[in-house]
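Me: I have a new structure open and I'd like to learn how to read it. Can you take me through it feature by feature?

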Amino acid sequence: MRVTKDMPAVSAFPGLVPDASVDGVAHLIQTALTPVFMLSGIGTLLNMFNTRLARVSDHIETVRDKLENADDKGSESAGLLLRRLTHLHYRTLLLDASILFAGVGGASACGSAFALFMGSVRDSAIAWWLVLMFGNALVCTVIALAMFLGDSLVAWHGLRVTTFLPHKKDMLNNIVD
């Protein structure tokens, strides 16, 4: 049987036209690897978020121990410790949200890779699933990073407010004196 322009081309790889196989293979590889790299990046973010959450949890235990061992529960230092505990609580909430959204983003990246696999096996048009899953992975990753930025801002603000770090004004006064 002779292939003409009117007849559809058949390929061993779904979605590839035999005469444009190099471009088709390159596109297939790019499309298949995008969710995998996204998943790898999300896994790294999850590792970082969990490590930071563990450090915040350790800090909470330290502050609680200091608060329990304080002689005067109504003193100024006890008030500072309570404020510090409140800041640490906000940080845990933001980090929990970061981990949640990164996990959903990772699951969505897996879903988009699965949609690609199913599309190639069944040779069906499931582009809307792919767009939905990969789009959800991107949105959840952006939200997770925004929550992480929120944690960073709360951490920075908490260090400045509770005076655990020297203020620039005090540092300049010490240099001048």
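Me: Where do I start, and what share of the contacts between residues at least 6 apart joins residues at least 24 apart?
Reply: Start with contacts, meaning heavy atoms within 4.5 Å. Among those in the protein chain between residues at least 6 apart in sequence, 75% join residues at least 24 apart. Keep in mind that this is a predicted model, where local features need pLDDT of at least 70, side-chain atom pairs count only at pLDDT 80 or more, and totals for chains, interfaces and linings use all residues. Residues are numbered from 1 along each chain as its sequence is written, and side-chain values use heavy atoms, with hydrogens and water left out.

Me: How many helices and strands are there?
Reply: Helices (H or I, at least four residues) and strands (E, at least two) are DSSP runs, numbered from the N terminus. Here the protein chain has four helices and zero strands, so its pattern along the sequence reads α-α-α-α.

Me: Which residues have the most contacts inside the largest nonpolar core?
Reply: In soluble globular proteins, nonpolar side chains tend to be buried together. A nonpolar core is a set of buried Ala, Val, Leu, Ile, Met, Phe, Trp, Tyr and Cys residues joined through side-chain atoms within 4.5 Å. Buried means under 20% relative accessible area, exposed over 50%, and partly exposed in between (1.4 Å probe, protein chains only). The largest core here has 20 residues, and Met38 and Phe49 have the most contacts inside it. Helix H1 (21-68), helix H2 (76-122) and helix H3 (127-161) each supply at least two of its residues, with H1 giving the most, nine residues.

Me: Leaving aside neighbours within four places in sequence, what does methionine 38 touch?
Reply: Methionine 38 is in contact with Ala109, Phe134, Ala137, Leu138 and Thr141.

Me: Is phenylalanine 37 buried or exposed?
Reply: Phenylalanine 37 lies in helix H1, and it counts as exposed because its relative accessibility is 59%. On helix H3, valine 139 counts as partly exposed because its value is 48%.

Me: How many disulfides are there?
Reply: A disulfide is a covalent bond between the sulfur atoms of two cysteines. The rule used here asks for a pair of cysteine sulfur atoms within 2.5 Å, and by that rule the count is zero. As for burial, cysteine 140 counts as buried because its relative accessibility is 5%, while cysteine 110 counts as partly exposed because its value is 40%.
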